[in-house]
Amino acid sequence: LTAIRDHEGVARLHMLDSAALLQYRDFAEKTLLDVGTGAGFPGMVLKILVPSLDVTLLDSNSPEKVNGPGLLYKDTATGNLAVHYHHLNNTAGELKFYMIAHNETEAPITFTIGKMGFAGPSQDPMQVGYIENQSYLGSQPLGRTVTLQPGEKYLLNADQKTAVKPAYLQSGLVDIYTEGQLTLAVAAMYPDGNFRNYTNLQPVNSVGPQTRGSYQKAAYDIN
């Protein structure tokens with residue numbers, strides 16, 4: 001997935017950038033694991049240029065599995081922010097995933113919504129990831145300005161109205177700019193739940209050494 005689509009840009013920014021690695025290391029008869037390869041750069045280019053190089057391209061679009069209602073992520077930040085979730089319903093019933101902006105300060109906070117991309121529900125992680133990224137990359141900044149009073153909450157993915165069935169997943173990516181200390185949260189709730197009550201949910205325990213927002217029994221193992 002890339003925003004570079006013209007032939008000259010692909011040649012210069014992908015092909016030549018990948019080939020530049022040959023200036024710094026001899027790859028002949030070596031083994032290379034290209035982690036997070038995406039569209040195949042640089043591993044694919046290096047393999048073409050050095051046929052004796054043993055290349056494995058590794059990429060993951062596996063969603064984190066959600067095993068029940070709970071607070072999946074919560075943090076407070078300021079400035080240019082990107083909020084993302086990519087979660088699979090691993091329960092026996094339907095769930096809804098909410099991406100929430102919350103003013104937990106004692107003064108009004110104004111933030112601006114930029115580019116957005118959403119996808120799902122679907123059972124195909126690669127399809128959901130692709131559609132979300134294409135939606136995001138092809139969108140224009142929304143430019144919507146929202147002011148939250150103290151204690152007020154705002155649903156960032158309000159257009160995702162469909163409940164997520166078991167074994168289905170949903171994904172969302174939103175850019176935000178705020179000068180105030182804005183709280184951002186991602187919550188899983190039963191379909192009859194109200195996102196404004198997300199603070200009543202129990203936080204799902206995180207698991208190391210993964211990044212914040214990851215939690216126990218959420219990951220897929222790559223053997």
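**A partly exposed lysine and its partner**

With a relative accessibility of 38%, lysine 74 counts as partly exposed, a class that lies between buried (under 20% relative accessible area) and exposed (over 50%), as judged with a 1.4 Å probe and protein chains only. This is a predicted model, in which local features need pLDDT of at least 70 and side-chain atom pairs count only at pLDDT 80 or more, while totals for chains, interfaces and linings use all residues. Residues are numbered from 1 along each chain as its sequence is written, and side-chain values use heavy atoms, with hydrogens and water left out.

**Salt bridge**

- The side chain of lysine 74 meets that of glutamate 104 in a salt bridge, with 3.1 Å from N to O; the term stands for a side-chain nitrogen of Lys or Arg within 4 Å of a carboxyl oxygen of Asp or Glu, and by this rule the count comes to 1.
- Distant parts of the chain are linked by this pair, since lysine 74 lies in strand S4 and glutamate 104 in the loop between S5 and S6, 30 residues apart.
- Glutamate 104 counts as partly exposed, at 41% relative accessibility.
- Side chains of opposite charge can pair when their charged atoms come close.

**Overall build**

- The protein chain holds 3 helices and 9 strands, where helices (H or I, at least four residues) and strands (E, at least two) are DSSP runs numbered from the N terminus.
- Read from the N terminus, the elements follow the order α-β-α-β-β-β-β-β-α-β-β-β.
- Of the 223 residues in the protein chain, 39% are buried.
- Among contacts (heavy atoms within 4.5 Å) between residues at least 6 apart in sequence, 77% join residues at least 24 apart.
- The protein chain exposes about 12600 Å², of which carbon and sulfur atoms supply 51%; accessible areas come from the Shrake-Rupley method with a 1.4 Å probe, and for residues only the protein chains shown count as cover.

**Nonpolar cores**

- A nonpolar core is a set of buried Ala, Val, Leu, Ile, Met, Phe, Trp, Tyr and Cys residues joined through side-chain atoms within 4.5 Å, and in the largest one, of 24 residues, Phe97, Phe111, Leu156, Ile176, Leu182 and Leu184 touch the most other members.
- Strands S4 (70-89), S5 (96-102), S6 (109-122), S7 (144-148) and S9 each supply at least two residues of this core, and S9 gives the most, with 6 residues.
- Apart from this core lies another, of 10 residues, among them Leu71, Ala187, Met189 and Tyr198.
- Not counting residues up to four places away in sequence, phenylalanine 97 touches residues including Val66, Leu72, Tyr85, Val164 and Ala187.

- Threonine 178 lies in strand S9 (residues 169-189) and counts as buried because its relative accessibility is 0%.
- Leaving aside neighbours within four places in sequence, the contacts of threonine 178 include Ala77, Leu81, Ile109 and Phe111.
- A polar atom of the side chain of threonine 178 lies 3.1 Å from the backbone nitrogen of glycine 180.
- Threonine 91, in the loop between S4 and S5, is also buried, with a relative accessible area of 19%.
- The C-alpha atoms of threonine 91 and valine 66 are separated by 7.2 Å, although the two are 25 residues apart along the chain.
- A polar atom of the threonine 91 side chain lies 2.8 Å from the backbone oxygen of glycine 93.

**Nonpolar surface patch**

- Met15, Leu16, Leu22, Met44, Ile48, Leu49 and Leu57 form a nonpolar patch on the surface, with about 640 Å² of accessible area together; patches are made of residues with over 30% relative accessible area and no salt bridge, like charges being joined within 9 Å and nonpolar side chains (Val, Leu, Ile, Met, Phe, Trp, Tyr) within 5 Å.
- Helices H1 (7-19) and H2 (43-49) each supply at least two residues of the patch, and the largest share, 3 residues, comes from H2.
- Isoleucine 48 lies in H2 and is exposed, with a relative accessible area of 64%.

**Backbone geometry**

- Most residues other than glycine have a negative phi, and most peptide bonds are trans.
- The peptide bond from glycine 120 to proline 121 is cis, with omega near 5°, and proline 121 has its place in strand S6.
- Glutamate 29, which is not a glycine, has a positive phi of about 60°; this residue is found in the loop between H1 and strand S1 (31-35) and is exposed, with a relative accessible area of 66%.
- Alanine 167, also not a glycine, has a positive phi of about 70° and lies in the loop between strand S8 (153-155) and S9.

Methods: Polar contact = N/O pair within 3.5 Å; in protein donor to acceptor, adjacent residues only side chain to side chain.
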